Amino acid sequence: MADIKYLELLANNYPNTLAASSALINLKAVLALPKGTEYFLSDLHGEYEAFVHMIRSASGTIKNKIDEHFGGILSDEDRNDLAALIYNPQAEIERRKKSEKNFDDWCVTVIYRLVIVCKSVSTKYTRYRVRSRLPKHLDYAMDELLHADDEENRANYYEQIINSIVQEGMGETFICEMADSISRLAVDQLHIIGDIFDRGAHPDYIMDYLMDFHDVDFQWGNHDVVWMGAAAGNWACIANIIRMNISYNNMDMLEVGYGINLRRLTTFASETYRDDECKKFWPHVLEENRFDPIDNALEAKMHKAIAIIQFKLEGQIIKKHPEFNLDHRLLLDKINLEKGVVEIEGVEWPLNDTNFPTLDPENPYALTEDEIEVMNSLEASILHSEKLQKHIRYMFSHGALYMCVNGNLLFHGCLPMTEDGEFQEVDIYGKKLSGKALMDHLDEMIRASYFYPESVAEYGEPGELMWYLWLAKDSPLFGKAKMTTFERVFVDDKTTHKEHTRPYYKFIKEKEPCERILREFGLDPENGGKILNGHVPVKIKDGESPIKGDGLLYVIDGGISKAYQKQTGIAGYTFIFNSRFMALSEHKPYSPLRPDGTQEFFNPVIKTVYTLPKRMLISDTDRGSMLLEQVDALKALIDAYRKGIIKER
């Protein structure tokens, strides 16, 4: 009876044998197509322009397509110009308007070339799916150009369509939309393996872009989860995100992008540290603010003020939750102002700053009345930021702590492991779990903390778990012995700044632990399954490799963030998985537009790391498994129609 009820519901969409058979034929055709190309990126850290360039260029794949089709026809310069047009059509069009004697002729020429590239990147899709990714209102003309295959009439047909587009003043729009379509078709599925936020100037722009992308998922990173905790109203998480982004001069994003009101913090910092230069708190200026420039000296005061508030709030959580095992991070009560030192794990270190006007030696973790007002103001802004809450909800609806997709395992940081290489049991509010069970439980608790905080109220305030995952040594998102923020700002000796990685990062160098991790999540290392991580930048310049575990694991944080590029020597990785192979694309630093409108593009180095034994079809993918279930359901419906069990309409 349950099956009949299901088929009756299905019959609402396919009311007769003809409709069901037509859908069945379409599904079988789709299953026979090659799988689309998946792109994996991590640690974007607010670098909007570099990220968009990677997507629009399909991490170098589009330039390869251009070279493949025009290598013996166009010069190197013309092929590079065509690539530049696809990557940044508005800028290239503006440049050509100034340099071309006959701009309309140029438009006609490049439309012909764009059609060829677009055909090349659309060969894996049904005509219906291609058209669904073409822009509304222009989809008919583009579809005709892509599929007019009558050799005898094609030249005249092309000429009429393209000339009409240009003559009607639609050339610029058509070129921009065609360039966008090429990028959309080249990247079938996008996986973001953590850390969209912090350091770079515009994670808000990145989130807007991703929310408009056709197929994207997130595996949360520690920098994401602390924003998720802040969006839930947790004060320690709020203090962390404000401190980090003030320290990187990201005022446009905070105040303009997300509408977070910093006025109360600004006033408090100006008054409290009026005569303090706050030298150690000077911001790292990677990008200038366009809309909300603030004097760096004032930013330094704001940075120090919110840092002290952060350490107080974190101390309160640590005392409240001894099960977090973070007592070693209670440092405010270890400060000796008379001696000018702080005791860290039994060793006294000289402080570089002893001006702590808001610190009560008798109760160092208590906020002053002014500090409480600052936090109330920040919390209100964050809870009422429509854009921020929309972005965080999207990360929840399209994200998870980990993901298994097409035989591969994706998570941002690590799996907690013991010194013996076993999966480590971690105590989460009295429940001790390890491996996949730990990840599943944490995912469930994170969601509850944001959407149903009353259901986990017995464990603490909303967002406290997210704060724990942000910085605890047993967190799968952090994976280091401790976060040394206090030492970095108050202790000059750099030996105290080191954040040592946990055992996971030692064991993944070998094949056997990686095989065990894959099997823990029900995946087959013998059948091409890979583990993809981010989080720890790969220092190519120091001889490090992103490839671990004899090719079973890939750490793809190569430093998209400008803050890391001196350490890594490159500017990020993309892991690419198409129907024939897996590859790593190694990027050079992104170059912005020059004053004359030109732009220097460094083609990434693409290296094949695994060749599939046979071409992978959609029928071999996770999507294919779902489609095969639909095929079986449609067969059952057709059978029910033919036997008269369900009446046709």
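**A covered helix and its surroundings**

Mentor: Buried means under 20% relative accessible area, exposed over 50%, partly exposed in between, with a 1.4 Å probe and protein chains only. This is a predicted model, where local features need pLDDT of at least 70, side-chain atom pairs count only at pLDDT 80 or more, and totals for chains, interfaces and linings use all residues. Residues are numbered from 1 along each chain as its sequence is written, and side-chain values use heavy atoms, leaving out hydrogens and water.

Trainee: What do the buried residues of α21 pack against?
Mentor: They pack against α13 (222-231), α14 (235-247), α17 (296-320), β10 (426-428) and α20 (435-451); contact means heavy atoms within 4.5 Å.

Trainee: Switching topic, where is His587?
Mentor: His587 sits in the loop between β16 (581-586) and β17 (605-611).

Trainee: And why does His587 count as buried?
Mentor: Because its relative accessibility is 6%.

Trainee: Which side chain does His587 join in a polar contact?
Mentor: That of Thr574, at 2.9 Å. A polar contact is a pair of N or O atoms within 3.5 Å; within protein, one must be able to donate a hydrogen and the other to accept it, and residues adjacent in sequence count only if both atoms are side-chain atoms.

Trainee: Last one: is Tyr112 buried or partly exposed?
Mentor: Tyr112, in helix α7 (residues 103-121), counts as partly exposed because its relative accessibility is 30%.

Technical notes:
Helices (H or I, at least four residues) and strands (E, at least two) are DSSP runs, numbered from the N terminus.
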